[in-house]
Amino acid sequence: MLRRCSGYPVCVIFKGFQLSLDKMVGEPVNVNEFQELAREALPKMYHDFYAGGAEDQYTLKENVEAFHRIMIRPRILVDVSRIDMSTTVLGYKISAPILIAPTALHKLAHPEGEVATARAAAACKTIMVLSFTSSCTVEEVASGCNAVRFFQLYVYKKRDIAAVLVQRAERNGYKALVLTVDTPRLGRREADIKNKMVAPRLKNLEGLLSIEADSDNGSNLEAYAKETMDASLCWKDIEWLKSITNMPILIKGVLTGEDAIKAAEVGVAGIMVSNHGARQLDYTDATINVLEEVVHAVGGRVPVFFDGGVRRGTDIFKALALGAQAVLIGRPVIFGLAAKGEYGVRQVIQMLKDELELTMALSGCPSVKDITRHHVRTERERLHAML
């Protein structure tokens, strides 16, 4: 029977056993539900910083909704008694084609910050890409657990900052460098402006940078980026970056076949199809809509990775079918961290792995290599078939 009980709006009583309906519905059963838990846990300014996109946030919505317009074509009577989700990224074996994307300032979400996220990645046997704008230093994260990690880089006007950080990452065992190439200036993030979001000092830059960027018009993030980001960064600078590191270099922020071809020509080790979580230029295509163009352009010369809007195991399956070697997860990891710390991040990754495993089984794909282009149909293909 149902009745009110002390401390909870409604409780269920079964033979003396009391259970809150709030508790029953409060435990997340999918990745999307972590955002509401994070909203409750975080100050509004910080939630909006993580959740928001650029300007009208059209691309922010499209990154997720574009997946809904891609249908899966399952195959039947395939032996799926064993499902193998493991794959390799730059030669490193991971348990599933799911990496943790570089996202900023994890200590705004949880006191342990990126150290907790890194431990979760290690426990899930996957790779974390540590952000240049992390709350914890490259050394703190490296010493937190033994795992494969990559380091994401922005290039500042003071090029020696990049050189120092790259050398520190390499010295501390990071295995690859992820160069973000879509940020000559910061996108207009209106929630941050309204909330007067102020960028905390970055521990990685202590002793390297002393810029105070104030703004009378709200957030100081845009002013800080304008003072620091090197808007002159171009293709020839990939050679400069190669000259200061032995780590393989991936570039993150490719959205066209033309740029994918250039990236392959300059010798990068991998390409990440990304629109920066829709935080930079609004009204770009959803990343899943341009993935196949990039894959076709490079023609297998370099691996292609994907991020943007992944919220379900079916999303991962669709990205793999369209040619991605693996996907990167950003906001859901942050929301898991905000809600439950390291355990929350582990839950998020495990939920996606469980959903991907189920999708593979129901689609007739016993291993990742069995997922092919024939397993999905895009909206364009469906409309063409109707003509």
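Biologist: Where does L77 lie?
Modeller: The model is a predicted one. In it, L77 lies in the loop between β4 (71–72) and β5 (87–89).

Biologist: Why is L77 called exposed?
Modeller: Exposed requires a relative accessible area over 50%. L77 has 87%, and therefore counts as exposed.

Biologist: What is the phi of L77?
Modeller: The phi of L77 is positive, about 55 degrees, although L77 is not a glycine. A278 is likewise not a glycine and has a positive phi, of about 65 degrees.

Biologist: Is A278 buried or exposed, and how do you know?
Modeller: The loop between β12 (270–273) and α12 holds A278. Buried means under 20% relative accessible area; A278 has 0%, so it counts as buried.

Biologist: Why is H375 called buried?
Modeller: The limit is again 20%, and H375 has a relative accessible area of 7%, so the label buried applies. H375 is placed in the loop between α14 (331–363) and β15 (376–377). Apart from neighbours within four places in sequence, its contacts are M71, I72, R73, R75, F317, S363, C365 and D370.

Biologist: What makes V115 count as buried?
Modeller: V115 has 17% relative accessibility. Buried means under 20%, so V115 receives that label. This residue belongs to helix α5 (residues 113–123) and touches C136, E140 and V141, if residues up to four places away in sequence are not counted.

Biologist: How far apart are V115 and E342 in sequence and in space?
Modeller: They are 227 residues apart in sequence, while their C-alpha atoms are 8.7 Å apart in space.

Biologist: Why are α4 and α12 called roughly perpendicular?
Modeller: Two packed helices are described by the angle between their axes and the distance between the axes. Helix α4 (residues 58–68) packs against helix α12 (residues 287–298) at about 70 degrees, and the axes are 8 Å apart. Angles of 65 to 115 degrees count as roughly perpendicular, so α4 is roughly perpendicular to α12.

Biologist: Which residues of α4 and α12 meet?
Modeller: From α4 come E62, N63, A66 and F67, and from α12 come T287, I288 and N289. By class, this contact has three nonpolar, three polar and one charged residues.

Biologist: How do you know that the radius of gyration of the protein chain agrees with that of a compact globule?
Modeller: For 387 residues, a compact globule would have a radius near 21 Å; the protein chain has 22 Å, so the two agree. Along its principal axes, the C-alpha trace spans about 70 × 55 × 45 Å.

Biologist: How many helices and strands are in the protein chain, and what share of its residues count as buried?
Modeller: The protein chain has 15 helices and 15 strands, and 54% of its 387 residues count as buried. Among its contacts with a separation of 6 or more, 70% are between residues 24 or more positions apart.

Notes:
Residues are numbered from 1 along each chain as its sequence is written. This is a predicted model: local features need pLDDT of at least 70, side-chain atom pairs count only at pLDDT 80 or more; totals for chains, interfaces and linings use all residues. Side-chain values use heavy atoms; hydrogens and water are left out. Axes are lines fitted to C-alpha atoms, for helices over the stretch in contact, and angles run from 0 to 180 degrees between N-to-C directions. Helices (H or I, at least four residues) and strands (E, at least two) are DSSP runs, numbered from the N terminus. Angles under 35 degrees count as roughly parallel, over 145 as roughly antiparallel, 65 to 115 as roughly perpendicular and the rest as oblique. Contact means heavy atoms within 4.5 Å. Ala, Val, Leu, Ile, Met, Phe, Trp, Tyr, Cys and Pro count as nonpolar, Asp, Glu, Lys and Arg as charged, and the others, Gly among them, as polar. The radius of gyration is taken over C-alpha atoms; the globule rule is 2.2 Å times the number of residues to the power 0.38. Buried means under 20% relative accessible area, exposed over 50%, partly exposed in between (1.4 Å probe, protein chains only).
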